[in-house]
Amino acid sequence: MRTRSKRATRVVEVATAAALVLGVSACAGSSDDSAGAKSAGSFTYWSMWQSSEPQARVLKAAIARFTAQTGIKVNVDWVGRGISTKIGPSIAANQAPDLWDGADSTVYGTEASAGQALDLSPVLKMKVPGEDATVGSVIPAKYFAMEPKDPAGSDTYLIPYEVASTGMFYNAADPVIKAAMPTVPTTWAGLLSVCAELKAKGMACIASEGADSWTNELYFDYLLNAQRVNFNTLASDKTGASWDNPAVLKAAQEVDQLVTGGYVIPGYTATKYPAQETNWANGKAAFYMDGDYVTSEVAKEVPASWKMASMLPPGAQVPDATLFGFSIPKRAKNVSAAERFIAFFMQKQEMSGMTTTALNITPRADIPAPPQLATSQQQLTSPTVRQPFDSLAGNWSPEVLDQNYLDMWHGRLTPAQFVAKCKAAQISYWKSQG
């Protein structure tokens, strides 16, 4: 299941949400810390998962146990990904559920950015049932700190139960890769040396879906991070002067070294997903940049001898993270019951299903990731995390970056030309925004 494999998906979701005029007044309920008490009642819950998906199976089992222990009935609707376009109008019409879940960018774009998400900081103080811990003590604060703040200054409008990240995935058991890369390179020059050795042995270094701007731009995003350049800040400069920063050109030059060095798999410029993912899974290239969902996508293609691993482009300071979790609209009618379910699902025994059944990483550090995501989980132990592209949203990317980046990625623009074109496009873009 490709949750956020293309930036275009996110742009459409956020742009659609931004166009909604919600105009809803705030009216929040209070938290109930007595998570162990049995009481009557019910609440409505809309989920981003379809009923047949593994995440839904985990949540169904938790809901059954929650109702058995508390007496609270959960009226759930397995909406699927269409929730991103359904939730905003529902809030505007005062027909939203008491609880819903989605990716953090969807929650922010459809609800929190308009000031319509309940601040869930009281939930962080609630006791996790059956554990000597609070919700806030089992969910690292760094996951809230990376979120954009809502109009009231809150970053706790979502309580996560899954974390996804991106990286360069590879087969750590491949003898050719092991010989070329006995240790993970710590510098960009070191990665280029690995690529050169792989090329000399007949293996492409990088597999790339040539038509996909989002996954290929992740190299630029991480290399900007290595230069301590915030992507969102770069894009938000209405004067375009941010593109004159030598660090931006350096990041572009490093990306271009993959292209001019011949380290990207031959013929990539004319391919679309899943052509190169398949080539990578068949051992025709060493690295494939994507979200960690790729491990599930190729699980049936790769042999049992594979040892899935991932690394960040050398020099990257902070891994990116995408959260999936619960949110409550401000006008929810059954806030207390919904909050109790959130606290209930934060239990290790409940959330572990997201690893064992759904094969994903959870925000709880004491729940080991599935083996194929062990290195991704290790990367997420970083003291800080950030959203991909530093929370960049809206239609800036298709208007300014995407085609210019692909032109450089396909060898049609030099790094200097790429920077100049992006600067000019950004100036025009912001003028058009008024």
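Modeller: In helix 20, the residues Pro-415, Phe-418, Val-419, Cys-422, Ala-425, Gln-426 and Tyr-429 are buried.

Biologist: What makes these residues of helix 20 lie on one side?

Modeller: Their arc around the axis is only 135°, so they sit on the same side of helix 20. The arc is taken over the directions from the helix axis to the C-beta atoms. This is a predicted model, in which local features need pLDDT of at least 70 and side-chain atom pairs count only at pLDDT 80 or more, while totals for chains, interfaces and linings use all residues. Residues are numbered from 1 along each chain as its sequence is written, and side-chain values use heavy atoms, with hydrogens and water left out.

Biologist: What do the buried residues of helix 20 pack against?

Modeller: They pack against helix 10 (213-226), helix 11 (231-236), helix 12 (246-260) and helix 19. Contact means heavy atoms within 4.5 Å.

Biologist: How does the span of helix 20 compare with the expected one?

Modeller: Helix 20 has 18 residues and reaches 26 Å from its first C-alpha to its last, close to the expected 26 Å. The expected span is 1.5 Å times one less than the number of residues. After helix 20 comes Gly-434, with a positive phi near 80°.

Biologist: Why is His-410 called buried?

Modeller: Its relative accessibility is 16%, so His-410 counts as buried. The cut-offs are under 20% relative accessible area for buried, over 50% for exposed and partly exposed in between, with a 1.4 Å probe and protein chains only. His-410 is placed in the loop between helix 19 (396-409) and helix 20 (415-432). Leaving aside neighbours within four places in sequence, His-410 is in contact with Gly-210, Tyr-268 and Thr-269.

Biologist: What makes the approach of His-410 to Arg-412 a polar contact?

Modeller: The two side chains come to 3.5 Å. A polar contact is a pair of N or O atoms within 3.5 Å; within protein, one must be able to donate a hydrogen and the other to accept it, and residues adjacent in sequence count only if both atoms are side-chain atoms.

Biologist: Why is Asp-221 called buried?

Modeller: Asp-221 has a relative accessible area of 0%, and is therefore buried. Asp-221 lies in helix 10.

Biologist: What stands out about the phi of Asp-390?

Modeller: The phi of Asp-390 is positive, about 50°, although the residue is not a glycine. Most residues other than glycine have a negative phi, and most peptide bonds are trans. Asp-390 sits in the loop between helix 18 and helix 19 and, at 12% relative accessibility, is buried. Leu-359 also has a positive phi, about 60°, and is not a glycine. At 33% relative accessibility, Leu-359 counts as partly exposed.

Biologist: Which peptide bond is cis, with omega near 10°?

Modeller: The bond from Tyr-273 to Pro-274 is cis. Pro-274 is in the loop between helix 12 and helix 13 (275-281).

Biologist: How do you know that strand 1 and strand 2 pair?

Modeller: Strand 1 (residues 42-47) and strand 2 (residues 73-78) share six bridges, in the parallel sense. Pairing requires that DSSP finds at least two bridges between the strands. Helices (H or I, at least four residues) and strands (E, at least two) are DSSP runs, numbered from the N terminus. Ser-42 stands opposite Lys-73 in strand 2.

Biologist: What is the handedness of the crossover from strand 1 through helix 2 to strand 2?

Modeller: This β-α-β crossover, which passes through helix 2 (residues 54-70), is right-handed. That word applies if, with the strands pointing away from the viewer, the path from the first strand over the helix to the second runs clockwise. Strand 1 also pairs with strand 3 (residues 99-103), parallel, over two bridges. There Trp-46 has Trp-100 as its bridge partner.

Biologist: What makes strand 5 mostly covered?

Modeller: Six of the six residues of strand 5 (residues 166-171) are buried. Strand 5 runs antiparallel to strand 7 (residues 285-291), with four bridges, and Gly-167 stands opposite Asp-290. Strand 5 pairs with strand 8 (residues 308-311) in the antiparallel sense, over four bridges; Tyr-170 has Ala-309 as its bridge partner there.
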